[in-house]
Each structure stands twice: as structure tokens, then as C-alpha cells.
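Good morning, and thank you for joining this group meeting.

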Amino acid sequence: MPRSFSRRLIQHGLVLTTSALGTGYLGQYLLQKNKLNASEPSLHKPNVWHDDFPTREVQIERMSVEPEYDIVVIGGGASGCGVAVDAASRGLKVALVEKYDFSSGTSSRSTKLIHGGVRYLQKAILQFDREQYSMVKEALYERGNLLKIAPHLSYPLPIMLPVYKWYLLPYYYAGIKAYDFVSGRQLLRWSYLISKRKALELFPMLKKEKLVGAIVYYDGQHNDARMNIALAFTAARMGANVANYCEVTELLHENIRVENAQGQPEMKKVIRGVKCFDRYQNKAFTIRTKCVVNATGPYTDVIRQLDDPSLPKICQPSAGVHVVFPDYYSPTNMGLLDPNTSDGRVIFFLPWQKHTVAGTTDTPCDVTDDPSPSSDDVDFILGEVKNYLSSDVQVRRGDILSAWAGIRPLVLNPNKKDTQSIARNHIVHVSDSGLVTIGGGKWTTYRQMAEETVDRCITSSNLNAKNECKTKGLILHGGEKWTPTSYIRLVQDYGLDTEVAIHLSHTYGDQASKVADMSSLTGKRWPVIGKRLHREFPYIEAEISYAIKEYARTAVDVLARRTRLSFLNVIAAEEALPQIVQIMAKELHWNEQKQKDEIDRAKIFLLREMGLNLKRDMRRNVPINLTREEMSYYMKYFRQIDVENKGFCSLTDLKRYLQLSNSEITEEEFRILMREIDQNQNGIIETEEYLQLMSAIKSGTISTSHFTKATRIETIKMNPSPERSGGGI
């Protein structure tokens, strides 16, 4: 037996060593090849670069009176805005319309990575798949370009791949080194191998049992929604007309005389315009154009069938769910990759905006305007996180601050059955009537996708571009004069809090001073200006005014995309909502009914799309699982509040108890407390609600309770709770 084991050990060792060496030689060849072929475009501004951009209303007015555009883009996500930037950079006359808000769909719900795709390179090598290799190589080039053209919104991020079996170290190391080599001149940093001790030093929360070492490699990270908005206003500053909340209701066709392949004249139906409806101002208008681009992501087939109902579907939507944890779940500057989850999917665990994002799942789904994270997907992510974190870290559902789902517009390959095996490569298709569709792809490769799309537009519609594509190295809105120390001038010149100044600098780039100019005095010695929307976040009131300038027209636009509050903490977003609506109402002249409608719509958004419903459902579904000793212990406290032994506690009972126990609590704190425990919102605390709360705290479904702190009810000791993390979902 020992001899047989020793023989297998030697065989496996030889195979792994040969694989590592082979990958090294292959990588060296690829590196040299990339060095020869890769070009480093210099950073530059567009030929046309206005100091500012028109208002949304002016944009729509211009669209409705313009005799004819070269290109009209449908869709305001990364792909659509990328096409608008590319076309404008070539001197073409461009208009872009978006049914909802810029980045309201998939482009704001990504994993926040700018990456080539480690798992795709693995498949490319193991399956000798040239297509996937080319996709990774292209994405790695685009990763480097995007980090340079939007330095205020993007940055390199080290990601750790922990290894728990010694024989996997050379296998993973060879794969990550291949990733480095394929990057060529766009390499961010060299990957490196570290010991178990060093891995735990860099990522203290990591599970140490059976850990043998780790590999650290680099990818990029960004603020996806803000990057999308930067693209939209880059196009606007280059002379393109862009507008959100404009729905395309019809494609306008004309019959023109052409010659067929035999040289005979015949009539052909071609697209010559679009009918739009301004959903904010409730008015219809028409845009005339030579070419229409369909860049609608998951809605690709909807627009294709507006053109021709008989066209087959080419898009296979897939839902990816992410959850957000407090910052103490990960180091501030080190991500984690789980390459081999229980069902074969890849999970990332990444620091982002001083929080921790975990995801993503990959599940076939239907197209919907309001994708919701499912409880099963959240449970799957929680389970994977538990597998990789130390047993000292109690992974609790109550620590989840937000959860969201994004629909990936994957291009369907009929020969493959599961969506996780579908590569994110893109297709550009031109219909018989001239509709140019860009489908599939991913955030990182938006620029290359846009370049190919505009090339096809020029060819198919005989457009007269003034110059070639100039988007390689083209600085995006906000990045031109930005430096890593720009925030210091904001502190010195305006008297902003340092945390707020850093946030403004990394969100708006060289436009941050315009936000500061709109800021009001705080009434304090320091900071001088910059009233916060929520005490736990650096977002300030002036950002709402600036968001309106950036065409924000709903409270959700501000909560989800101009700021990222709903993505970071859904409870905090709900708390900030009334203040946001109040400021928007003043500037946009909303009456009381409109304000109420905005609050109601935003609450539905937080419930369905940001995970607030999961919080409430989890509380309702928590069984009362208390021992007899615990039940007796907690009921003793309950009877001290319910002195009349009614079986429930009224608001009067609770306030009296708090006064007797010398608990000083404001009216706002009291409302938060009641909202936490009064699940059916009937104004009383029932015995069942009380016991369910205590059971939820015991199980970790709720992290920290305002009710138990205010009433000074001690728990029968479990693990001590960390500081407030937002209430959890």
C-alpha cells in the first residue's frame, strides 16, 4: 500500500510539475507575442469636448427637432453609452434614449470587477478553446484601458485564492501565471505565491484549518453605476444627445428602392426612425435617423421583435445574485476567490465602498423590470462564505445589509445546456431592415463591443465618419484633471470632512468641486459645509441637487445609482428616503401627491430589488426555538413591561417601562425600535412577536437589536454581538 501510494504521488507530482512548466513556457511565448502586438494608446481628450452638458429637457427638445441623426442608440447601459461615446468620437451625429435610468438594469448590478475572467482562461486552456482564450485576452486589454481612462472610479484590487490541498498549489499557480502572461503589457501587478502564515496575515478572517498556502493575483474594481453615468455624460460633452426615461414605442420603417444580387430593382423595408415617449414629461416625440442600434441587454429580443416579430431569440437571461456584508467580513484591500464551490460556480468575496460584496450566482431566469434576490440564492452564498471564513467569524443572516439580482444578457449557445458554461462573448447582428443589435458581452469589454458595433453601423448604413475610432485612451468625464490627492484641495478649499472629500473625489473626479459649490453650511465649527444624508455614510445633501443636474428624476435614481446607498445598506436607504424626496420635491416642484408616490415607489424598490423583503420574510419565518429556561427568562422581562398582564404591550406600556428604567430615547429611536419588533404594524407588541425577536437574535437572523438594548434585556449568552451592522436582511 505505501509503495503504491508513493508511485501515485510521484506520478501526480510529475504531471503537475510538467503542467506548470508547460504553462510557464506557453505564457512566456504569449507575453512576448503580446509585447510585439500590444500598443499603448496615449491618454487624450475628444476633438469636441464641451465644458458642460445641456439639461435633460433641452436634450429631448433637440432630439425632437433634429432633421436626422446618423445613429440612434436604444439602451443606456454600459453597451449603449459605450456606443454613443464611440460614435460621437468619430464625428457622427448621435442620440441615445433609455427607457428607465442610465445603468438602471444589469450595468449597476455587477460584481464590481473589471476583469478578464480567470474561469474562462481555465476553460480555454483545458478545452483548447481558442474563442474563450481570445475573449480573455481582449478583456484583459480592455481592463487596462478602463483603469487608465477613469482613474477616479477604478483601481487595481489584489484577490486571494486560498488553497487547502497541497497538490492543487502548482495547478492553480500555473493557471494564475497564465493569466498574468496573457495580460501582456496591460499586466496590473505580478501574481505571487504566499505561505499559510502570510495568507492569514493578509486575510485574518480566512479559515486556517487545512490551509496550505494561497495565490494572490490582481484584477480591477470600479463603481459600476457611476462608471456608466460617466460614459453617458462623456457622450453628452462630445455633442451627443442623451436622455433617460424615454421609451421607444415603435420603430419607423420606410420602403426604399434597391438593386438585388441580380441587379434588378426591388423594394426593401428599412428603419428610418423611432417613436419615443418621454415617461417623465408624458409626451411623445419622433427621432429620424439613418441607423438604429439595439443595446438593451436582457431586452435585446424585445427590440428585435419590434423590428420583425418573426426573428428568433438570441439572448438567454441569467440571474446573478450578490449580498453585502459589513466591512469587518474582509480586509480593506484584499478580495477572495472561491474557485470551486459546492455546485461548481465561482464566488467572489470583495471589499467595496467600505463594505464586503459576495457573489455571484448564475441561474436561468425570465426577463423582468424588477429582478429580486431569492432566499435560496442568498442561502447558497452564505453557505459558501461560511466554508471559507474562520469559525471565529459567526456568519449570520442578520449581518446581510443588502442583496440584489442582476440579469446577465448571455448569448445563448444551443449546444450547451447550463448558463454557467456560456461564455460572455458578444455578437453584433444586422437585420434585413438595418437594425444593428449588440448582444451579450460584459462590463469590461464594453469599449471593444462599441467599436465593433459602430464599425458595422458605418458599413451597413453608409455613414460618413470624420475619423477612425478614438476611444482607446479617451479620458472619461471626471477623469481629465483628477489625481489621487484631489480630495485634499476639497478639504482645504471648502472645509469638507475628509471622508466626504475622499468620497466626492472618487465619485465625481474633477467635477467634485461642482458638488462642493452646491453644498450648504453645516452650522458646526467643522466640517464647514456638507450636511450628510445619513450619519453612517459620506453622502451629502448637495449630491441630490447635482444628481438632478445628472438627469436623476426619481428617488430611486439617487438611492441606487447617483449614490450607492441602497446597494450598501437597504435599511439606511429607507431611513434617508424622506430627506431625499424632500430635497428633490423642492427642486423639481413636486406636489404632496407626487412626493407620496415617489416614497411609495422607492419603498417597493427597496423591498423587491434590494432585499428588504428578505429581512421581513426571514423574521416572519423564524420559528420560536427557545428552551424552557430561555422562555421563562424572557417572559420575566415581558411581564415587567406588560404590567396589566394583557398578553401584549402597548406603546404606553413600553414608554412607561423605558422611563422607569432610565433609558433616554428620542422619538426617532422609538420609531426605529417599534418598526423592528412590531412586525404586523398594528401598534402593539404581541407575545409571539416578542419571543420571535428573541429567537431571531439567538439564531443570528438579526444581528443587533435596538429593542433589547433600549429595554436592557440581556440574552442568555450566545456569542457577543458585533456593533450595529444595519439590522441585516
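Predicted model: local features only at pLDDT ≥ 70, side-chain atom pairs only at ≥ 80, totals over all residues.

Let us start with the overall picture. The protein chain has 729 residues, of which 56% are buried. Its secondary structure amounts to 25 helices and 20 strands. If we take the contacts between residues at least 6 apart in sequence, 73% of them join residues at least 24 apart.

I now turn to helix packing. Two packed helices are described by the angle between their axes and the distance between the axes. On the H16 side, the contact is made by Ala-555, Val-558 and Leu-559, while H18 contributes Ala-573, Leu-577, Ile-580, Val-581 and Met-584. By class, that contact has eight nonpolar residues, no polar ones and no charged ones.

H18 also packs against helix H19, and here the axes come within 10 Å and cross at roughly 160°. These two helices are therefore roughly antiparallel to each other. Their crossing is right-handed. Which residues of H18 meet H19? They are Val-570, Ala-573, Glu-574, Leu-577, Val-581 and Ala-585. Facing them in H19 are Gln-595, Glu-598, Ile-599, Ala-602, Lys-603 and Leu-606. By class, the contact of H18 with H19 has eight nonpolar, one polar and three charged residues.

Let us move on to the strands. Strand E8, residues 246-259, and strand E9, residues 265-278, run antiparallel and are joined by 13 bridges. Within this pairing, Val-258 has Glu-266 of E9 as its bridge partner. E9 also pairs with strand E10, residues 283-294, in the antiparallel sense, over six bridges. There, Phe-277 stands opposite Ala-284 in E10. The hairpin of E9 and E10 has four residues between the strands, and Asn-282 in this hairpin takes a positive phi near 55°.

That brings me to the backbone. Most residues other than glycine have a negative phi, and most peptide bonds are trans. With a relative accessible area of 30%, Gln-353 is partly exposed. His-589, in the loop between H18 and H19, has a positive phi of about 60°. His-589 is exposed, with a relative accessible area of 70%.

Finally, there are cis peptide bonds to note. The bond from Gly-359 to Thr-360 is cis, with omega near 15°. Thr-360 lies in the loop between strand E14 and strand E15. The bond from Trp-526 to Pro-527 is cis as well, with omega near -5°. Pro-527 is placed in the loop between helix H14 and helix H15.

Thank you for your attention.

Key: Residues numbered from 1 in each chain as written. Heavy atoms only, no water. Contact = heavy atoms within 4.5 Å. Nonpolar A, V, L, I, M, F, W, Y, C, P; charged D, E, K, R; others polar. Pairing = 2+ DSSP bridges. Buried < 20%, exposed > 50% of the residue type's maximum accessible area, 1.4 Å probe, protein only. Axes fitted to C-alpha atoms, helices over the stretch in contact; angles between N-to-C directions. Parallel < 35°, antiparallel > 145°, perpendicular 65-115°, else oblique. Left-handed = near helix turned anticlockwise from the far one by under 90°.
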